[in-house]
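Open the model in a viewer and keep the sequence panel beside it. The stops below each give a selection and then say what is there.

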Amino acid sequence: MKAKTLTTLLSLCPAFLLSIAHAADRRQVQEPTYPQHICTTLTPEPGNNQQRIQQAIDRCPAGNAVKLIAASGQTTFLSGPLSMRSDTWLWVDKGAVLAASANPSDYDKGHGICGTLSNQKGHCQPFIHFDNVQGGGLLGEGTIDGRGNQIMAGKTETWWQLARRAQKEGGNQNVPRLIQVDNAKNLTFYQIHLINSPNFHLVLNKVQGVTVWGIVIDTPADARNTDGIDPGAATDVTIAKSVIRTGDDNIAIKAGNSGPTRFISILDNHFYAGHGMSIGSETNSGISNILIKDLTLDGTTSGIRIKSDSSRGGIVENVKFENICLRNNKWPITLDTAYEGKKGNLIPWYHSILLKNVSGSGGQVVLNGYDSDHPLDVTFDAVKIDNLQGWYQQNAIVHVAEGGLTPAPSTIANATAVKTAYACEDKWRPFPATRQ
């Protein structure tokens, strides 16, 4: 193993010193159930179904669901943007597809910028918007297809090609997110399949009490900026028993200017292609009390990752990663305070970070604290990375608990080796066949 250390602070910590509080979602969360009452059942019609679906949502009594079903061999509801109401459900039944329009004008906010590169951004409405609502959500074993792979109406490229061109030429791609949630409480997303989003799939902004359970997200690995689930300014959120492969972060927990994020549970999920289980890069409002447990990261470029820099940094604390299985990851563990190298006066400071029962193979570990006054503070307890290719560490206080760390870099004196590694052989799952 190749080790590189710049400025390092080290310690070996007995278990009794590791009394870190790792609270998570404070609700008693159980598997959701389907609504008992359906106000309207719709079948596909030719052309754009936006108006009839929106009217059904607007007229649906509280506590009821609008149900979309396949019929007579027709499966697809083509639609423009939809707005959800409080305590109303949209139920996409198994076999039905709610497909997003590929016409930028359907999403434009009035300036003709959606579907273009610009020095401005955020000029497209999302496909489905929850704005200032309480209760309800999306469910069903059907599919919501963002059709990011479709050529935009009146254009010569797809949403994804526009995003890739922005990376090469500069500027911002103005493309719609699939589902955007703003200022909402007590929402549920259950068993739904989200595929081919032009941009982020599910964004949770200023939310409280959200359950995401048993969903599937499936978008190609080369589709730029297609995060799976992004909770930001979020409190009491559980994401459980879901599978995600995508072209960017599988999950990214954020805390930008809208407020702090805390009490988040990420439980029993499986990640495939993507950029891993991320915290950041916006951390300036503070992120705390996070539990990430029973997670497989199968082929993600990064595995466990906390990322920020001084242009958007803040405190990240009381984070526990437990029972984590990693394979085929370039960076299985990355805790980095110099992400993208941007500069400012917002200092990223990560402390009370615990990794317990983590198994992986190959790749590099990066532990990069900000400076000696704001060091990274991390504890390893039963962490084993076989065939490690590099260990890079600076401005870091590294604790090794009684479960041990393998390999133990020479920079960590007296660190014990893992005697029994966390077993991952029966944890891997094939990705369900969903992509259309």
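**Stop 1: a buried cysteine and its partner**

Select Cys60 first: its relative accessibility is 2%, which is under the 20% cut-off, so Cys60 counts as buried. The model is a predicted one, and the chain as a whole has 3 disulfides to visit.

A disulfide joins Cys39 to Cys60, with an S to S distance of 2.0 Å. Cys39 sits in strand S3 (residues 38–42), while Cys60 is in the loop between helix H1 (50–59) and strand S4 (65–68), and 21 residues separate the two. Is Cys39 buried or partly exposed? Its relative accessible area is 26%, so Cys39 is partly exposed.

**Stop 2: Cys114 and Cys124**

Move on to Cys114 and Cys124, which form a disulfide with sulfur atoms 2.1 Å apart. Cys114 is in the loop between helix H2 (104–107) and strand S9 (117–118), and Cys124 is in the loop between S9 and strand S10 (128–131); they are 10 residues apart. The angle about the S-S bond is 110 degrees here, making the link of Cys114 and Cys124 right-handed. Both Cys114 and Cys124 are buried.

**Stop 3**

Select residues 261–271, which make up strand S21. How many residues of S21 are buried? The count is 8 of its 11 residues, and the strand is mostly covered.

- Residues 229–240, strand S18, pair with S21 in the parallel sense over 5 bridges. Look at Ile239, whose bridge partner in S21 is Ile266.
- Residues 243–245, strand S19, run parallel to S21 and are joined to it by 2 bridges. Val243 stands opposite His270 in S21.
- Residues 287–298, strand S23, are parallel to S21, with 9 bridges between them. Ser265 stands opposite Leu291 in S23.

**Stop 4**

Keep S23 selected and hide the others. Why is S23 described as largely enclosed by the rest of the structure? Because 10 of the 12 residues of S23 are buried.

Now select residues 315–327, strand S25, which runs parallel to S23 and is joined to it by 10 bridges.

**Stop 5**

Select Cys325 and Cys424, which form a disulfide with sulfur atoms 2.1 Å apart. Cys325 lies in strand S25 and Cys424 in the segment after strand S32 (405–406), so the bond ties together parts that are 99 residues apart in sequence. With -90 degrees about the S-S bond, the link of Cys325 and Cys424 is left-handed. Cys325 and Cys424 are buried.

With the bonded cysteines numbered in sequence order, the pairing reads 1-2, 3-4, 5-6.

**Stop 6: colour by confidence**

Finish by colouring the chain by pLDDT. The mean for the protein chain is 94, and 94% of its residues reach 70 or more. Which stretch has a pLDDT below 50? Residues 1–21 do, and beyond near neighbours in sequence this stretch has 54 contacts in the model. Where pLDDT is low, the predicted coordinates should not be read in detail.

Methods
Residues numbered from 1 in each chain as written. Predicted model: local features only at pLDDT ≥ 70, side-chain atom pairs only at ≥ 80, totals over all residues. Heavy atoms only, no water. Buried < 20%, exposed > 50% of the residue type's maximum accessible area, 1.4 Å probe, protein only. Helix = DSSP H or I, 4+ residues; strand = E, 2+ residues; numbered from the N terminus. Pairing = 2+ DSSP bridges. pLDDT = per-residue confidence, 0-100. Contact = heavy atoms within 4.5 Å. Disulfide = S-S within 2.5 Å.
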